[in-house]
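Hi everyone, thanks for coming. Please bring up the model on your screens, and I'll walk you through a few places in it.

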Amino acid sequence: MVSISTRLRWDGSIAYSVRWREFGTQRQRRLTVGSEQEAISLFEHLKCHGRPPEPESPSGQPGPPTVAEVVQEHIDLLVRPASGAVATYQRMLDLHIRHAIGHIALEDFGYRDIIRWIKGLSSKGIAPKSIHNMHGLLSAAMNTAERLQYITRNPCRGVPLPALDRVDDGARFLTPEEFFLLLDGMNRNYTAFVQFLVMTGTRFGEATAIQAADIDLTSRVPTARINKAWKRDGQSGYYLGPTKTGAGKRTIGINTSLANLLRPLLSDRTGTELVFTTAAGGRIGHKPFWQHHWVPAVQAAQTNGLTKSPRIHDLRHTHASWLIQDGAMPLFAISRRLGHASVRTTEQIYGHLMPQALQDGADATERSIQGFIHPSGCELMLGRNSPSGCPKTHNARFVNLELLPCSSIPRQQRLRPTERGAACIDASVLRLSGGDQDHAGGDQDHAAGTSFTPEFHWYAGSSSLAESRMWRKPVCSS
């Protein structure tokens, strides 16, 4: 069966796609061409021969393999591939490789071609992660070509790729109050499902694949076994397959509130029956759930004060943030609960939320600036920032300075701003370190206040020198 379809490209031009079933395997293939005439010619050829025409050299003989042919051969040679993976690779080949670099003869394919291809993908706004995936397919195909002795070296090796911006940089974390605003607007048939997501941190495909036999509410600690997820097959259908990673297979503890929520659902479900289903009893699909239930719930919550626009996956981020901010669970245990392949993944995504790390950073900063920042918020600096001609100090800094009423300090020990002010500094607690003795441009005892004339700046809420006030010798009128 051969068919032609059209679609409108982003630039307004029309793309013609020819679809057919591969002879023998019955796999669906698609080839996009630039004109209607090319599509008709390909259509007629496929009807007669059941396969697309082979490229020819100028002499009329079949030419060397092209990049597209090698990638196609690599896909066909995959051993025990996941059905959904084959469909994904085929889409990558058809949409992003075949018409960009697929026509290049393998013997002529090199570093420059790959770099131009990557730059072209980036210019179209394709995400760095997607580019990495496409390059991964191309590189794997080149490895296959190397094994088949088409080439002597994989040209994809050492090619620089766009920096990966973490998909979770845009994670939105909900507070319990914000989550309950969302829950209030959710369709009643899905409130238990949404609460399961936020209380377990499971992925959407994992949660919707949970069967009654996976939940154990009778043990001392109720548990949920996560060992499968919904996967796409090659025909746009779905099947139960393995979790995203090997670490995704895990058993997680269920809190009491969630266990009580699940008991009514499990009362009439057994064995392989799904715990969470649509109103009709079918699988909960991501796109229908998003369109018909999630978006309306978010919009309802926003009318009631929610300022964020969370995605479904943000419930997983929210669960992790609640655990981290609670502080009782080590990061390794959180990583295992989330099914991450490594603790590093958890740390990269959620490390900035670790309360102890935040506190340790704040404490370290506070220790570093002790003596430079007065508890009142006044920053005190000496010598090196003084105007030209002022006495200099050596490695000077203040320690334990206090602003006190002038009347409480003996006259000879008072330091105050040159402007009028009610606060003074007790010069006897001013410590200036320089060499082996305390001094500031002279050897006199600064507490005596007879000829000591240190000059320094007091920054009152501003780091601008223009807004600073100068402190001078210990003279203060009552």
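Let me start with a term we'll need: buried means under 20% relative accessible area, exposed means over 50%, and partly exposed is in between, with a 1.4 Å probe and protein chains only. Now the ground rules. This is a predicted model, where local features need pLDDT of at least 70 and side-chain atom pairs count only at pLDDT 80 or more, while totals for chains, interfaces and linings use all residues. Residues are numbered from 1 along each chain as its sequence is written, and side-chain values use heavy atoms, with hydrogens and water left out.

Let's look at helix α6, residues 176–184. Helices here are DSSP runs of H or I with at least four residues, strands are runs of E with at least two, and both are numbered from the N terminus. Which residues of α6 are buried? They are E178, F179, L182 and L183. These four sit on the same side of α6, because they cover an arc of only 145° around the axis; the arc is that of the directions from the helix axis to the C-beta atoms. On the face turned away from that buried side you'll find E177 and D184, both exposed. The cover over the buried residues includes α7, α10 and α11.

That brings us to the nonpolar cores. A core is a set of buried Ala, Val, Leu, Ile, Met, Phe, Trp, Tyr and Cys residues joined through side-chain atoms within 4.5 Å. The largest one has 38 residues, and I215, L262, F289 and L315 have the most contacts inside it. Elements that each supply at least two of its residues include α6, α9 and α10, but the largest share, seven residues, comes from α7. Take I215: leaving out residues up to four places away in sequence, its contacts (heavy atoms within 4.5 Å) include I210, T223, L262 and V275. Apart from this core lies another, of 29 residues, with V67, A68, V86 and I151 among them.

Now, the sheets. Strands count as paired if DSSP finds at least two bridges between them. One open, antiparallel sheet has three strands in the order β4-β5-β8. β4 and β8 are at its edges with a single partner strand each, so one side of each has no neighbour in the sheet. Four bridges pair β5 with β8, and the bridge partner of I226 is R250 in β8.

Another open sheet, also antiparallel, runs β1-β2-β3. Here β1 (2–8) and β3 (28–33) are the edge strands. β1 pairs with β2 over seven bridges, and S5 stands opposite S17 in β2.

Where is S321? In helix α11. With 1% relative accessibility, S321 counts as buried. Beyond its sequence neighbours up to four places away, S321 touches F173 and L353.

And then D94, in helix α3, residues 83–97. Is D94 buried or exposed? Buried, because its relative accessibility is 6%. Its side chain makes a polar contact of 2.9 Å with that of R98; such a contact is a pair of N or O atoms within 3.5 Å, and within protein one must be able to donate a hydrogen and the other to accept it, with residues adjacent in sequence counting only if both atoms are side-chain atoms. Setting aside neighbours within four places in sequence, D94 is in contact with R30 and H99.
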